[in-house]
Amino acid sequence: MAGIFSEAVMFVKVAIPIPSAEVFTYAVPEAFVAAAALGKRVLVPFGRKRLTGWIIEIPSAAMPDQTIKEIIDLPDPEPLFDRQDLACYEWISRYYMRPLGKVLGEILPGGIDVKSNRWIRPAEASAIGKNSFTAGQKEILARLASFPEGLPLRRLSRIIGKNNLYGDLHLLETSGFVISEERLNRPAVRPKWEKWIGLRADIPAGIKLTAKQAALVALLRERGETPVSGLPDRLREAGFLRTLEQRTVVRLREQELFRGPGPTPEIGRNGNGITPNGAQEKTLTEIRTCLVSGRFSPCLLHGVTGSGKTEVYLRAVDEVLRDGGGAVYLVPEIALTTQLLSRIRERFPEREIAVLHSGISRSARYDQWKRLRRGDIHLVVGARSALFAPVRNLRLIIVDEEHDPSYKQDDRLRYNARDLALVRGKFAGATVILGSATPGIQTFFQAESGRYRHLTLPSRVDDRPLPRIEVVDMRTERDEQGRAPLLSHPLVTALRETLAQRKQTLLFLNRRGFHTFLFCPDCGHVFACPSCDLALTHHAALGVLKCHHCDFTAKPSGICPACRGNHVRSQGAGTERVEKETKKLFPDARVARMDSDTTSRKGDAEKILRGLDRGEIDILVGTQMITKGHDFPEITLVGVLAADASLNIPDFRAAERTFQTLTQVSGRGGRGDQPGRVVVQSFNPGHYAIRRAQEHDYAGFYADEIRFRRELGYPPFSRLIGFHFSGPKKAEGKKAVAEIGKRVQELAATVAGGKVGVIGPAESPLVRLRGRYRWQMLLKGAESAPLHLLAEKILEGAGRGLEIQVDVDPVHFM
């Protein structure tokens, strides 16, 4: 409904999740005036549709007379965010160059939005037999005849097998043979209610009860008010309870039931009786100083692997909770939350802990969000999205393994949770601890410059030694056929010795599948994905070739489709092949594999880690999942099969990632009473990243790397904004990108005043992905303001036919 309103009417400004930065004004009907508040969802008319938006302002001054639509509904009894949260969200929207409505839609709990979809239904008049219709129009009418109530347009398109039905539908609708209408969808996530029963205080004296009724009254006198679902079956029949309610014996009421993350399996040592060593006590003293100050205090906690960083985190959390504050504890991978939660729940048995990550159901995330807003829960643990949890009186944010690139989201809102932890901490006046054994170069630079407090844990707990790292030069390793072996002789020997000692081993290879790819040696044909410029990975256990980017699958063939030759061969190796080769070498060993193929279902990762913790696994083969944060004291050997893999990617951070990965995976060994040993296989053993990792020399690596960054002007000596362009047609896309590149060079000189350098545009390393051709461009400058100004101008004149994505502070460049 729209109309002209008097000054007495309330108006609200609403952000809607559409690709526009515009905010829209709506009138509030009188029935909703008392309930309207900043942070609440509203259902609003928007063109022909009805969409969910969020109230971001209630103007104090009257709006000018104009035709304004009214909101349709206010579904929330309480707001999802407050003014301080909104200020942070608006900062995120500006910095990451994404409309506020989109930001809110991606930060706030998912599945709760109400929106309308276009439905098509047949009109009463039948027209299927008319000869004047095209074959496409006749098919639409024939399909709709089976669905007199109509179909969503998307489903109708799937049934017919065509995406574009608009032309045919327009003619049918204007001719009166079909009706198009917008219908509201029920949200996927809704509050859950539970019926409770209790005795009334004013039960009539001398009331006569049956034996069954008397049994219920006696039970309620013993238990007090209780959920109906908890009653014995014979006492919870609806008619029976209704009769007692009508006789004023019992009171029935609905109470919201809050869904949680579910039980956490016990994995790893909890160590509640740990006494902090001198270095830990010194670090905790400095953290207490930060907490007491009540001001934003960014800290880097740089501690070697096994130095007791987690114990410091938990003691800091304890201080905050005992003082009535709230804390957020971030880990880079969902798999890491299991062992951490086991330890936290043992540490704080009386506390309820919210767990937020994509592996938790949307209903549980929504319910936990509401309880955090109410102040019922004060501690949140989770992956990057947990950063946005509405914790009351936020005093502490912990970002464990802060260097990890998993904190960066690479689609939709392309934020970095590590960076936003600092932003949120600044808004809240909280202490932010960035912890790592291998801090990011940019983080360490800030600590060295005095912008972050630098806390150190230089040695392992109980003075345990760091693992001894042996680097094997794979250029000199050969098997019986004269080829470089998958497992070198030193690694096989070390595996044999570790098995004899009844200890455990991790074998790390950051590549899934059996063989990297299949190819034909006769003509050079590589079995590739038809939609991406990537070789298909062979998964022998599943008997398929698979693209790890678009999920295309195909059956492997012994015949080359290009030349029809029958000499198809495999090249490379993945975790699946390593698992098979290890089992072949050590048939009595219990070998398991942990990668995204073996952990695709809920609970898979926990099952593997629980087996490792219980000593049911001798050798665990895995990808980067096994390199981070795990603490299993019986692991004494770590094997790194391809240390060079990450050195060869087109990324200025390649050496940093290699050093971090080698140091982190090496740190999984030797955490118990027996010293650890690491065998690193490399074709480039002299590279400074590998050499410094072997020496456990972070300071030396930082000195090498910062010199390279300074010479080339890369972060931390500059800021970056990346642009990704894609289109379905290569020639047209290439032409459009070239025109953008020419325009950007002109803008860089005029708008940015020469303060921004432009690299590209050029083809992306992955030229084609999911059927779209890809190009990228990088803006580089010392200051953020001119970079953002230039980026905004580029988006204003964006070329048609191209999809353009902006990536502020990019982490990945493929």
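The following legends describe close-up views of a predicted model. Residues are numbered from 1 along each chain as its sequence is written, and side-chain values use heavy atoms, with hydrogens and water left out.

**View A. Packing of helix α1 on helix α2.** Helix α1 (residues 83-95) packs against helix α2 (residues 100-107) at about 115 degrees, with the axes 9 Å apart. Axes are lines fitted to C-alpha atoms, for helices over the stretch in contact, and angles run from 0 to 180 degrees between N-to-C directions. Helices (H or I, at least four residues) and strands (E, at least two) are DSSP runs, numbered from the N terminus. Leu 86, Tyr 89, Glu 90, Ile 92 and Ser 93 of α1 meet Leu 100, Val 103, Leu 104 and Ile 107 of α2, contact being heavy atoms within 4.5 Å.

**View B. The open sheet of seven strands.** The strand order is β15-β16-β14-β17-β18-β13-β19, with parallel pairing; two strands pair if DSSP finds at least two bridges between them. β15 (353-356) and β19 (453-457) stand at the edges with a single partner strand each, so one side of each is left without a neighbour in the sheet. Neighbouring strands are turned by 15 degrees against each other on average, direction ignored. Helix α12 (residues 417-428) packs on this sheet, where it touches β13 (297-303), β14, β17 (394-400) and β18 (431-436), and its direction makes about 165 degrees with that of β17.

**View C. Pairing of β14 with β16.** Strands β14 (residues 326-330) and β16 (residues 379-382) run parallel and are joined by four bridges. Leu 330 has Gly 382 of β16 as its bridge partner.

**View D. The open sheet of four strands.** Antiparallel pairing gives the order β32-β33-β31-β34. β32 and β34 are the edge strands, each with a single partner strand, so one side of each is left without a neighbour in the sheet. Six bridges link β31 and β34 in the antiparallel sense, and Ile 721 stands opposite Val 808 in β34.

View E. Helix α21 lies across β31, β32, β33 and β34, at about 15 degrees to β31. Pro 786, Leu 787, His 788, Leu 790, Ala 791 and Ile 794 of α21 are buried, that is, under 20% relative accessible area (1.4 Å probe, protein chains only). Among the elements covering these buried residues are α1, α20 (730-750) and β31 (719-727).

Conventions:
Predicted model: local features only at pLDDT ≥ 70, side-chain atom pairs only at ≥ 80, totals over all residues. Buried < 20%, exposed > 50% of the residue type's maximum accessible area, 1.4 Å probe, protein only.
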